[in-house]
Amino acid sequence: MTAPLALLDSAGLYFRSFYALPDSMTAPDGTPVNAVRGFVDTVARILVDRRPGRLVACLDADWRPQFRVDLLPSYKAHRVADAEENAEEVPDTLTPQVPIILDVLAAAGLTTAEADGYEADDVIGALAHHETAAPVEVVTGDRDLFQLVRDEPTPTSVIYVGKGWAKAEVLTPTEIAERYGVPRAQAGAAYADMAALRGDPSDGLPGVAGIGEKTAAKLITQFGSLDALLTAANGSSKDVPLKMRLKLADAADYLAVAPTVVRVAVDAPVKSTGDGSIPASPANPAELTRLAEQWNLGRSTDRLVDALAAVGS
């Protein structure tokens, strides 16, 4: 069996590491490195446990893309407000760690990828969409990426780490269909349609008032897609009860833009630093050693080097 292409939701992974590990992990100059150490350890675990043939750490060039904000101004708007409110009260100790993470990945010889004006989700979606040679494994703690599961042309699954790597779940179209009650044959697309109907307060997506997850899944299963549901509702189909037609009509402006906001942009112009190949040894061992010493990365970089040796080619 062809070894998979691992696509990492890097921001999500280092964000989780930041909150999972104490900020008492610091460099000699006092800079917190908890996110760095946790992220590097996670990459090493992914290499050893999943044995990918290629790996790409996908990055946010823009965590709140303008094209989504233009369509839906509420998209992640509360996060901007929260950041501004907390800026004066809580020092940002995560952002300074991101360049260190990128330096470690570069010294190790691991590929990163981003797309100007797009989120990491879009980068992952584009790379998965265009992959025709190997199975794809998306490593994330973000349910939004459940929309990527598929069988063809190459299987794509999500390694969901919402509860940490030790409790990682491998989710294929079968698991998504069983968990959310959507059709297995188009589980990924159906999940995206269900998510648009349901909404997501954490992303500023209001959804359709009065439609929760179970009802959304039932409707998508019944009609096959959001487009088909709206066509039936707009045509006064008896299959859509009057009360439901009114709910959908009230949310018409939202539903006109929600699919584009919710779905990953598979045409994102991805720029990568490499082809995803995994080296058997660091590309720049001296630099990796220097980084480990400068930032007090302890055994984290050693574990990464061991993982490269075990998996790389």
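Predicted model: local features only at pLDDT ≥ 70, side-chain atom pairs only at ≥ 80, totals over all residues.
**Exercise 1. Elements and overall form**

Task: Determine which secondary-structure elements the protein has, and how its radius of gyration compares with the globule rule.

Solution: Begin with the elements: there are 14 helices and seven strands. Next, take the radius of gyration, which is 21 Å. For 313 residues the globule rule gives 20 Å; the two values are close, so the protein is as compact as a globular protein of that length. Finally, the C-alpha trace spans about 70 × 55 × 35 Å along the principal axes.

**Exercise 2. Charged side chains**

Task: Find how many positive and negative side chains the protein has, and how far apart the centres of the two sets lie.

Solution: The protein has 28 positive side chains and 43 negative ones. The centres of these two sets are 8 Å apart.

**Exercise 3. The setting of Thr-156**

Task: Locate Thr-156 in the fold and decide whether Thr-156 is buried or exposed.

Solution: Thr-156 belongs to strand β5, which covers residues 156-160. Its relative accessibility is 2%. Because the cut-off for a buried residue is under 20%, Thr-156 counts as buried. Beyond neighbours within four places in sequence, Thr-156 is in contact with Val-136, Val-138, Leu-148, Val-149, Arg-150 and Pro-173.

How values were computed
Residues numbered from 1 in each chain as written. Heavy atoms only, no water. Helix = DSSP H or I, 4+ residues; strand = E, 2+ residues; numbered from the N terminus. Rg over C-alpha atoms; globule rule 2.2 N^0.38 Å. Lys, Arg positive; Asp, Glu negative; His and termini not counted. Charge placed at Lys NZ, Arg CZ, Asp CG, Glu CD. Buried < 20%, exposed > 50% of the residue type's maximum accessible area, 1.4 Å probe, protein only. Contact = heavy atoms within 4.5 Å.
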